Amino acid sequence: SPQKETDNDDTLGSKKVKELSVVDGRRAQNCNILLSRLKLTNEEIKRAILTMDEQEDLPKDMLEQLLKFVPEKSDIDLLEEHKHELDRMAKADRFLYEMSRINHYQQRLQSLYFKKKFAERVGEVKPKVEALCVASKEVLQSRNFKQLLEVVLAFGNYMNKGQRGNAYGFKVSSLNKIADTKSSIDKNITLLHYLITILEKKYPKVVAFHEDLQNVPIAAKVNMTELDKEISNLRSGLKNVESELEFQKSKSSQSGDKFVSVVSQFITVASFSFSDVEDSLTEAKELFYRAVKHFGEDANKMQPDEFFGIFDQFLQSFSEAKQENENMRRRKEEEERRVRMEAQLKEQREKERKSRKAKENGEEDGEFDDLVSALRSGEVFDKDLSKMKRNRKRINSQVTENSRERPVTKLNF
């Protein structure tokens with residue numbers, strides 16, 4: 001009706017055309033949030049994917065999010081039905097429709113994400129493999145650690161002499177029981193404190209055995225199952241990219257499509273890098289199994305984090321006990337120094353007291369003693385007495401004469 005047409009004209013004129021959306025509401029909302037963060041048009045996103053992001057427009061975290069919004073078959077079917085109404089489609093719908101037009105969009109996206117993450121993932125795996133390899137060599141080759149274990153065995157045999165003595169060895173898991181074996185005299189002192197004291201006296205080089213086992217703490221964090229899984233994921237990811245490369249090679253590429261050239265170069269470098277890590281892991285596993293067997297454990301049951309974890313815990317306990325020994329020694333020295341200082345201070349005070357007393361009584365006591373001596377010998381009654389009187393007279397007359405002298409008030413030159 002004319003009225004209806006007028007209404008339509010008013011609606012179009014005021015640009016109140018309702019957006020068309022066939023995508024699930026929650027998914028569309030999350031997709032909109034991603035696109036607002038990405039700040040790229042659909043055309044720019046498309047170009048970045050076709051060129052394998054040569055301009056670095058798509059950060060790794062954004063690619064990870066984009067992989068969550070790959071157009072599904074149900075989306076594509078609905079969007080195809082409404083493609084003639086593309087202008088009316090909501091932002092998320094238009095994005096999903098545009099991406100669905102890219103040949104092998106998901107595979108391209110996955111390949112690009114794998115390429116961007118590859119160096120980082122290899123960088124995470126490599127130190128674990130190296131630590132496993134080097135730590136295995138360290139526990140096998142360290143002479144100081146071997147000598148320490150010999151001393152521990154000697155301690156054990158001495159303490160268990162009798163039926164349980166004369167053992168040829170002990171389980172590595174028993175190593176950490178040393179720190180739990182407390183003294184019957186002082187509960188704060190353990191067998192480990194005593195062991196360190198003996199080592200410092202008899203085998204000072206052995207005390208620094210931790211310097212030979214620097215990679216053990218890192219290897220103690222390595223789980224073989226997880227490491228194998230990481231290597232396996234890298235292998236399968238690389239294989240998927242290679243498969244996609246073969247597929248893209250078989251297709252005629254559209255304008256601006258750089259997948260084949262970029263990925264061919266990446267595969268060459270990445271394959272070499274991965275083979276290197278894989279070979280290192282094989283070597284590390286062989287060395288680890290040798291180390292585990294060397295210490296009498298089951299290589300099929302014991303993981304690196306458990307095996308090296310035992311040594312790592314012992315290293316920490318040893319370091320703490322060594323520091324506690326040092327603190328106890330320092331406290332003892334300070335106490336001895338305090339006692340010596342108190343004794344010296346006491347002696348000094350006694351000397352000062354005697355000196356002060358001697359000063360107070362010194363002259364009077366001396367004169368009195370002389371007088372008593374003179375009385376006892378009778379000298380006070382002989383001719384010396386008249387000499388004493390004469391001396392007193394002379395002294396008195398000198399005092400009188402001096403008192404008569406006038407003071408000089410002016411000098412004449």
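The following legends describe close-up views of a predicted model.

**Figure 1. Confidence along the predicted protein chain.** The mean pLDDT of the protein is 84, with 82% of its residues reaching 70 or more. Helix α1 (residues 2-13) has the lowest confidence, at a mean of 42, whereas helix α10 (residues 216-219) has the highest, at 97. Over residues 1-15 the pLDDT stays under 50, and the model has 2 contacts beyond four places in sequence for this stretch. Where pLDDT is low, the predicted coordinates should not be read in detail.

**Figure 2. The crossing of helices α8 and α9.** Helix α8 (residues 143-159) and helix α9 (residues 191-202) have axes that come within 11 Å and cross at roughly 125°. The crossing in which α8 passes α9 is right-handed. From α8, the residues L148, V151, V152, F155 and M159 take part in the contact, meeting L191, Y194, L195, I198 and L199 of α9. By residue class, this contact of α8 with α9 comprises 10 nonpolar residues, no polar ones and no charged ones.

**Figure 3. The buried residues of helix α6.** In helix α6 (residues 91-100), the buried residues are A92, D93, F95, L96, Y97 and M99. The partners against which the buried residues of α6 pack are the helices α2, α3, α4, α5 (73-81) and α7 (105-141).

**Figure 4. K39, a residue with positive phi in the loop between α2 and α3.** K39 lies in the loop that runs between α2 (25-38) and α3 (42-50). Although K39 is not a glycine, its phi is positive, at about 55°. Most residues other than glycine have a negative phi. K39 counts as exposed because its relative accessibility is 67%, and the cut-off for exposed is over 50%.

**Figure 5. M52, a residue with positive phi in the loop between α3 and α4.** M52 is placed in the loop between α3 and α4 (60-66). M52 is not a glycine, yet it has a positive phi of about 55°. With a relative accessibility of 3%, M52 counts as buried, since the cut-off for buried is under 20%.

Technical notes:
Residues numbered from 1 in each chain as written. Predicted model: local features only at pLDDT ≥ 70, side-chain atom pairs only at ≥ 80, totals over all residues. Heavy atoms only, no water. Axes fitted to C-alpha atoms, helices over the stretch in contact; angles between N-to-C directions. Helix = DSSP H or I, 4+ residues; strand = E, 2+ residues; numbered from the N terminus. Left-handed = near helix turned anticlockwise from the far one by under 90°. Contact = heavy atoms within 4.5 Å. Nonpolar A, V, L, I, M, F, W, Y, C, P; charged D, E, K, R; others polar. Buried < 20%, exposed > 50% of the residue type's maximum accessible area, 1.4 Å probe, protein only. pLDDT = per-residue confidence, 0-100.
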